[in-house]
Amino acid sequence: MQNKIHIELAYKGKSCLPCVYMEEAIMEILPAYDRQVTYRRLDIQSQEGKQRFLALSCALFGEQGVYKHHRLAPIPALFIDGDLLFDAIPSRDELEGVITEKLSEA
C-alpha cells in the first residue's frame, strides 16, 4: 500500500493573488505524485471551507486562542495532514522536498 498525504490550502478567493499563486504552485507539482497526494482548496468564504479553516486554526492556537484572542491561521496557508507548513508561496523545490519528506513519514 502506498503512503498518502493530504494537502489543504486556505484560500480567500481570486482577488487574493498570493492565494492564486500558492494554488498554482500546488497544481504544478500534483501530477508528479499521482495517487500519493490528495488536494483540497478550503475556500474560507464558503461555510464548509470556513468551518475547516476554523478547525485548523484551533489546532494551531487552541479554541481560546481562536475564539477569545481572535488568532487565525494565515491566508494563504498550506497544510499537509493538518500541519501548517507554508504561509508564503513555496518554491517548487521546497514544496517537493516537504511532500517527499511527509510521504516517507506516512
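Strands here are DSSP runs of E with at least two residues, helices are runs of H or I with at least four, and both are numbered from the N terminus. This is a predicted model, where local features need pLDDT of at least 70, side-chain atom pairs count only at pLDDT 80 or more, and totals for chains, interfaces and linings use all residues. Residues are numbered from 1 along each chain as its sequence is written, and side-chain values use heavy atoms, leaving out hydrogens and water.

Now show β3 and β4, which run antiparallel and are joined by 3 bridges. Two strands count as paired if DSSP finds at least two bridges between them.

Next, colour the whole sheet. This open sheet has 4 strands in the order β2-β1-β3-β4, with mixed pairing. Its edge strands, β2 and β4 (83-86), each pair on one side only.

Move on to helix α2, residues 47-67. Packed on the sheet, α2 touches β1, β2, β3 and β4; contact means heavy atoms within 4.5 Å.

Where does α2 bend? Go to Phe61, where the bend is about 110°, taken as the angle between axes fitted to the seven residues ending there and the seven starting there.

Finally, select the buried residues of α2, among them Phe53, Leu56 and Val66. Buried means under 20% relative accessible area, with exposed over 50% and partly exposed in between (1.4 Å probe, protein chains only). What covers these buried residues includes β1 (5-11), β2 (37-43) and β3 (77-80).

Definitions and conventions:
Expected span 1.5 Å × (residues − 1). Axes fitted to C-alpha atoms, helices over the stretch in contact; angles between N-to-C directions.
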